Each structure stands twice: as structure tokens, then as C-alpha cells.
Amino acid sequence: MENNGSDLFVIILLGFFLMLFMVSFIIIMVIYHRQRQIQNRQKVESMKAAYENTILNVEKEIGEDILGHVGRELHDNVGQLLSLAKLNLSSSKVEKVHEGKVLINEIIREVRALSKSLNLDWVDSITLEEFIKKELSKLESTGFCKVAFQKNGQALQLDKEKKLVLIRIIQESLNNAIKHAHPSLIEITVDSDTSKSEITIKDNGKGFDVSKNSEGSGMYNLKNRMTTIGGSLMIRSNIGKGTELKLVLPHSAN
């Protein structure tokens, strides 16, 4: 009887410790799961904040570029047209007055176009391909270098925010080529298939040592911005052999 009592006590004690272990295990798992939820929520909030911050910075930078462009156009183009219109309208000759009126209409069109550019809503009305062609055309018109554009596959389908980021990255890439590479040719190719879209920006300029320059703040910012919208940026360059930037955006990120 004593042995039976001892065995029963041992069984009860083992059951108690097993139950205590199970309860402790469940509590630990609940706490761990809760911590993982909090960490995941914080990660999502951090990614959302980084995305919103990127969009705000891009909008600010594009706005500053546009204001600079508007200022130059008002001074160089519209100002000159106004001077010509004033001279013609002050003339006693009928044909000169008519030319002055024509110039006034042209000035009105120029000012309207500039006012529209101040509002970033123009991003919705233009495709990324159209923007690239426009930028390359402006660059070629300066006589700085030759340009080339090629489009393969379907048209890119992007929301406004991602399009803004890509527009800014393309602008900065072209500016870098102009300032540092001094190429005679800049080529941009857009490829799009069922899985991803790629934008390749290539020049035949001076090139540089990627291992020494790829971590510079400018390149880091470009890579970080592509990461923020779910894409990636790859760079290839050799001294004397030009530079190639490849922007890759999976369709799941569009």
C-alpha cells in the first residue's frame, strides 16, 4: 500500500510538472508570437515611412528642378519674346504690330505651358517612355551629345509615386553622365516582359572604378530609392569604357 501511495504521488508530481511545463511553453510561445507581431508591425511601419519619405524628397527635388527651369525660361525665352513684342507693338507699321500680336499669343502659350509644369499632375498624363524621349530630345538639342532610345515589349504600367521615383532616378543618372562622364552618346533602353521591367541607361563616357565609387552618397541614394519602390539598381563601369545603369522593377512591385 505504501508503494502504491508513493507511485501515485510520483505520478501526480510528474503530471504537475508536465502541466507546468506545458503552460510555461504555451505562455512563452504566446509572448514570442506577440513580439514577432510587434516587430513585423514596426518593420512595416518603418518601410512605409521610408517609402513616404522617398516620395516627398523626390517631389521636392523635381519641384526645385522645375522652378529652376521655369526661372530660366522666363528670363531667357519669355523675357526675350516680351522685348520683341514691345518693340513691334510700338512700331507705326501695321505688319510690325501684327507680328507683335503673334508674339503675345506665343508668350501666352509659353506661360501656360510653364504654369502646367509647376503642378506635378503632369506626371499622370505622360508615360515614362514619353518622359525619357523628351529628356533625351532636350539633351540632344543642346548639342552636348548624341542620344538613342529603344523600347521593347509592352508599355510600362506604373502608379504616380513609382513613376515619380523612376523619373528622378533617370534625371539624376543623366545629370551624372553630363557632369562626370562627358560621353558622345547616351542610350536608354526600356524592356518589359511578363515578370519585370528594366530600364538601361548607358553612356560611352569616361567610366570609373565601381569598387571605389559605388558606395558614394549619390549612388547609394539611387539604389536606396529603387529598393524603396521594390526594385533594384545594378551598375557596370570600367575606366575608359563608359557606364551602364540597369533599373529593375518586378511587376509585382508595379
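Colleague: What should I keep in mind about the model and its numbering?
Modeller: The model is predicted, so local features need pLDDT of at least 70 and side-chain atom pairs count only at pLDDT 80 or more, whereas totals for chains, interfaces and linings use all residues. Residues are numbered from 1 along each chain as its sequence is written, and side-chain values use heavy atoms, with hydrogens and water left out.

Colleague: How do you know how many helices and strands the protein has?
Modeller: Helices are DSSP runs of H or I with at least four residues, and strands are runs of E with at least two, numbered from the N terminus; by that rule the protein has six helices and five strands, in the order α-α-α-β-α-β-β-α-α-β-β.

Colleague: Why are strand 1 and strand 2 called paired?
Modeller: Pairing requires that DSSP find at least two bridges between two strands, and eight bridges join strand 1 (residues 146–153) to strand 2 (residues 185–192), so these parallel strands pair. Lys 146 stands opposite Leu 185 of strand 2.

Colleague: What makes strand 2 and strand 3 a pair?
Modeller: Seven bridges link strand 2 with strand 3 (residues 196–203) in the antiparallel sense, and Asp 191 stands opposite Glu 198 in strand 3. A hairpin of three residues joins the two strands.

Colleague: Which share of the 254 residues counts as buried?
Modeller: Buried means under 20% relative accessible area, with a 1.4 Å probe and protein chains only, and 30% of the residues count as buried.

Conventions: Buried < 20%, exposed > 50% of the residue type's maximum accessible area, 1.4 Å probe, protein only.
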